Structure formats: C-alpha cells, structure tokens
Amino acid sequence: MTESRTVYNDKESKQISDQEGRRDHDTLGPGNKELNDTNHSPDAEAQADTHPSQQLKESPPPPPNGGYGWVCTVCCALINGHTWGLNSSYGVFLAYYLANNVFPGASALEYAFVGSLSISCALLVSPVATWTTRVYGTKTTLFIGIAFETASLIGASFAWAIWQLFLSQGICFGIGMGFLFVGSVGIVPQWFTTKRSLANGFATSGSGLGGLVYSLAAGAMIKTIGLAWAFRVLGIVALAVNSICAILLKDRNKIIGASQLAFDVKLFKRPEYVLLNMYGFFSLLAYVVLIFSLANYARTVGLSASQASVISALFNLGQALGRPPIGYFSDSIGRINMAGLMTFCSGLFALVIWVFARSYGVLIFYAILGGTVAGTFWATVAPVTVEVVGLKHVSSALNLVWLFIVLPSTFSEPIALEIVAGTGSYLGTQLFTGFMYIAAAMCMLLLRGWKIGELDELARLKGESVDQIDAVGTETKENDAMAKAAGRRSIVKNCLKWRKV
C-alpha cells in the first residue's frame with residue numbers, strides 16, 4: 001500500500017483518493033510500482049503493451065488451494081502407503097528372519113542392512129528420478145518406480161540366499177520406492193497455499209496406514225500362505241494401486257516454473273539450508289531404528305510373533321493418526337514451530353516411555369503415542385523446505401535432502417543392532433534414539449531463529465507488519481537476499497522468541 005502511493009507526486013496525490021489508490025494497487029498486482037511509473041513517462045504507451053505480459057510470465061498464477069489438488073493428495077497418500085508403508089512392514093519380516101533362520105548363515109547385521117538398503121537406495125536414486133522427471137515427465141518416473149518395486153517383491157519370493165534378498169527386497173525395492181517417492185513428493189505442495197501443511201499431512205499419513213495394513217497382513221500371510229506367496233501378493237497389490245495413482249496424478253511443474261536441477265549445490269552455501277539437512281540427518285538416525293526395531297524389541301521382552309506384528313502395526317497406525325493433525329496445526333502455529341516441537345516430543349517419549357516398556361500394554365501405549373510424532377520429518381519436510389528456499393527451488397532442495405540422509409538411513413538400524421549385541425540390551429539403542437530426536441529438534445530451534453529474522457527484515461524493507469509478509473518468499477531477489485542475510489545474523493538471538501513461523 002505504501003509503495004503504490006509513493007509513485008505519485010504531491011499534486012496528483014491530492015486528486016486521487018486512498019480508495020482509488022488501493023484499487024489500482026490491487027488491480028496491478030506484484031510489481032505495480034514499475035507499471036505506475038510508466039504512466040508518467042514519455043513512452044508510457046509502448047511500455048504498457050509489454051510490462052503486463054512480462055509480469056504474467058514472471059508471476060505464475062497462485063495455487064488453487066484445493067480442487068483437483070485433493071485428488072492428487074489421495075493419490076500421493078496411496079503411493080506412500082504402497083512404498084514407505086510396505087517398507088515399514090519389514091520390521092515384521094526382520095523378526096521372522098531372526099526367529100526362524102530363514103537364510104542359513106545370515107547374521108542379524110546382514111538382515112538389518114536389507115531394510116536399511118531399501119531406504120538408502122530410495123534416496124540415492126533421487127538425482128536420476130529428478131532427471132527423468134525433468135526430461136520425460138512425472139508419469140514416466142512413476143511407472144519406472146512401479147516396475148522396479150513389482151520386480152523386487154516378485155523376485156524376493158524366489159530368494160534362497162541372503163545376497164538375493166539384498167538385491168531384491170533391499171536394492172531393487174529401494175530403487176522403485178525412490179522413483180515413486182521423488183516423482184510424487186513435490187506435487188501436493190504445488191496445489192495448496194494456506195492448506196499446504198494439512199494436505200501434506202494427509203499425503204504422508206498414507207505411509208502410516210500402509211504400514212498398519214501391511215504389518216498385519218504380512219504377519220498373517222507369512223503364517224497362512226508362506227513367505228514366498230506373501231511377497232507375490234504384496235507385489236500384485238502394489239502394482240495395481242500404484243498404477244492407478246500414477247495415471248491420476250497431475251503436477252504443476254510447468255505452471256510454476258519449477259527448478260528440476262538434480263545437484264543445485266549452491267543451496268549448501270545457505271546456513272539455513274544446512275540446518276534443514278541436519279534436522280533430517282538426526283531425525284532419520286532415530287526414525288529408522290523405531291520402524292525396524294520395535295517388533296524385534298517386542299520379541300526380546302518375551303512377546304509372541306503375532307504380538308510383535310501388532311506392535312509394529314500400531315506404531316504405523318500412530319503415524320497415520322498423527323500426521324494430519326501435525327499438518328493442520330502447522331498451518332495454524334507455524335510449520336517450523338510444529339516440526340521442532342513434535343520432534344522434541346518424539347525424543348521425550350522414547351526416553352521416558354520406551355525405555356521402561358517391558359509389557360505388552362505399555363508397548364502398545366508407546367507404539368501409538370510415539371508413532372503419532374515419530375515421522376514428523378516426513379510430514380513437515382516439504383512445507384518447511386518451501387519456506388526455506390521458496391516454491392521454485394523446492395524440488396532441487398528436497399533432492400539434496402534425500403541424498404544428505406542416505407548415510408543415517410543406511411547405518412541407523414545396523415548401529416542399533418550392534419549396540420544391542422555389544423551391551424546385551426536395548427537400553428543403549430533407546431537412549432540413542434531419544435537423543436537423536438532431540439538433536440534434530442535443536443536444529444529446528446535454530447532454523448526458526450533464522451526465519452524470524454528473515455521475516456522481520458522483509459517487513460522493515462517493505463514498511464509493513466510481519467503478518468502481511470508471505471512466509472514462503474515471493475519478494476524481489478534483492479529484498480529476498482537481504483532478508484535471508486539478516487536472518488542468518490540473528491539466528492541465536494531470535495530462536496527463543498515466540499512467533500508463528
């Protein structure tokens with residue numbers, strides 16, 4: 001409002017009411033200062049023909065904040081259920097492998113690496129998946145993932161040695177999951193503004209629901225139809241559901257001019273982006289332990305195989321129940337605030353509940369309560385990344401995040417089992433899990449200090465209140481760079497201030 005008024009001289013401002021000025025400001029939209037200046041220049045008519053079209057090209061239309069976006073949200077939820085959800089059921093497979101010596105000569109560490117490889121390979125293929133999305137489109141990327149995932153589950157049904165399980169249930173499944181995940185993860189934020197975190201919460205809750213269903217289903221199928229046919233049934237179901245979702249999904253990459261660079265390493269020059277990556281690093285060190293170890297922990301305290309599968313399933317139910325509220329309240333109290341608070345709760349619950357869980361009832365309580373916040377990283381990473389780097393660069397930024405968390409995804413569960421083997425109990429693993437979550441929360445605390453400083457500087461530059469500033473950054477390049485730099489200088493000073501960020 002202030003900017004629109006300053007383009008008129010004193011004489012003109014007396015002739016034009018505030019109401020007319022406000023209407024002109026709203027009609028002209030972003031960049032109105034330049035357009036109004038042209039009205040008083042000698043070549044105003046010539047410039048008037050070019051500037052509006054340039055503005056339309058530079059400023060993409062706002063997301064519909066719903067509509068077909070909800071169809072895409074459901075599709076992404078189902079894809080998450082048949083990738084990450086299926087992968088979460090590996091805790092049931094792991095407990096079965098360890099209890100029955102399915103592959104003679106295989107150690108507990110080797111079994112742990114099978115599950116870890118599926119996650120790390122999913123993240124490692126992100127540059128390739130990003131490239132195929134840029135060159136061939138989203139649907140091609142999704143169908144490549146479907147082919148790999150189906151082949152992995154069918155191939156695992158014929159495995160008779162541990163190295164074959166590495167290739168099928170580990171590497172091949174991870175590649176398929178990676179293509180499906182990278183191809184779909186950036187779509188939901190493109191369709192929403194004020195409801196972005198809520199929609200993302202619903203989409204990521206699919207992995208929890210999938211984990212719930214397939215943890216119970218895998219345990220039942222292994223018991224009734226055997227390990228081989230359990231794999232085959234899972235492969236056929238995943239093929240059908242993922243194919244339908246891939247057909248229905250629509251991205252808005254061309255509309256928003258999304259950057260699809262696989263290695264935009266210049267982002268690492270930004271301290272705030274490094275903090276985001278460290279948040280993911282510590283979160284994954286803890287999260288992978290929980291999704292793969294809870295079922296085996298249940299067996300070590302004397303529970304049966306069916307009870308262990310129920311614990312794993314209820315943990316995934318907790319994730320499904322927890323992620324939509326995390327998304328909903330993220331839009332209300334701030335996405336960075338919610339990410340840090342819920343991650344801290346994850347560590348707290350591990351330290352004060354899981355450490356003392358020795359009975360079936362207490363483990364059920366922890367599985368549900370801990371599950372609601374354990375996957376906070378996955379529910380918040382996309383909308384938080386948008387606020388850190390902006391909507392245009394979110395795909396490239398997320399791509400580097402996936403690569404950054406390959407190491408914790410690969411070695412988290414092996415570290416956990418080695419701690420158990422070295423100490424003879426799960427206490428060290430439980431403490432490790434809790435403290436890693438708390439370290440991740442501290443990274444979010446520092447990141448919110450940066451965001452508060454950035455918003456304060458933007459408000460100062462524009463002469464507006466902080467509430468009027470767009471949190472995801474649609475300012476001019478000059479203002480945006482100055483605000484980010486100001487935020488970096490005030491990270492520590494602002495991190496404890498209360499503000500919706």
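A residue counts as buried under 20% relative accessible area, exposed over 50%, and partly exposed in between. The exercises below apply this cut-off and a few others to a predicted model.

**Exercise 1. Asn-101**

Solution. Next take the accessibility. Finally, look at the backbone: phi of Asn-101 is near 50°, which is a positive value in a residue other than glycine.

**Exercise 2. Helices α11 and α12**

Work out how helix α11 and helix α12 are oriented to each other, and describe their contact.

Solution. Two packed helices are described by the angle between their axes and the distance between the axes. Here the helices span residues 138-156 (α11) and residues 162-185 (α12); their axes come within 7 Å and cross at roughly 160°. Angles over 145 degrees count as roughly antiparallel. Therefore α11 and α12 are roughly antiparallel to each other. The hand of their crossing is left-handed. As for the contact of α11 with α12, its residues comprise 13 nonpolar, 10 polar and 1 charged.

**Exercise 3. Helices α19 and α20**

Solution. The axes of α19 and α20 are 8 Å apart, and the packing angle is about 155°.

With a relative accessible area of 46%, Val-352 is partly exposed. In sequence Val-352 and Gln-430 are 78 residues apart, while their C-alpha atoms are 9.9 Å apart in space.

A distance of 9.9 Å separates the C-alpha atoms of Tyr-360 and Ser-304, which are 56 residues apart along the chain.

**Exercise 4. Two aromatic pairs**

Classify the ring pair Trp-131 and Tyr-136, and then the pair Tyr-297 and Trp-354.

Solution. A pair of aromatic rings is described by the distance of the centres and the angle of the planes. The whole structure holds 28 aromatic pairs. For Trp-131 and Tyr-136, the centres are 5.6 Å apart and the planes stand at 80°, so this pair is edge-to-face. Trp-131 is partly exposed, at 40% relative accessible area, whereas Tyr-136 is exposed, at 52%.

For Tyr-297 and Trp-354, the centres are 5.7 Å apart and the planes again stand at 80°, so this pair is edge-to-face. Tyr-297 lies in helix α17 (residues 271-300) and Trp-354 in the loop between α19 (335-352) and α20 (360-374), so the pair ties together parts 57 residues apart in sequence. Both Tyr-297 and Trp-354 are buried.

**Exercise 5. A ring cluster and two charges over rings**

List the residues that ring pairs link into a cluster, and find the rings under Arg-232 and Lys-250.

Solution. The cluster is made up of Tyr-90, Phe-93, Tyr-96, Tyr-97, Phe-103, Tyr-111, Phe-231 and Phe-292. For the charges, a Lys NZ or Arg CZ must be within 6 Å of the ring centre and within 35 degrees of the ring normal. The charged end of Arg-232 sits over Phe-158, 4.5 Å from the ring centre. Lys-250 lies over the face of Tyr-68, at 4.7 Å from the centre of that ring.

Terms used
Residues numbered from 1 in each chain as written. Predicted model: local features only at pLDDT ≥ 70, side-chain atom pairs only at ≥ 80, totals over all residues. Heavy atoms only, no water. Axes fitted to C-alpha atoms, helices over the stretch in contact; angles between N-to-C directions. Helix = DSSP H or I, 4+ residues; strand = E, 2+ residues; numbered from the N terminus. Parallel < 35°, antiparallel > 145°, perpendicular 65-115°, else oblique. Left-handed = near helix turned anticlockwise from the far one by under 90°. Nonpolar A, V, L, I, M, F, W, Y, C, P; charged D, E, K, R; others polar. Phe/Tyr/Trp six-rings, centres within 6.5 Å; stacked < 30°, edge-to-face > 60°. Buried < 20%, exposed > 50% of the residue type's maximum accessible area, 1.4 Å probe, protein only.
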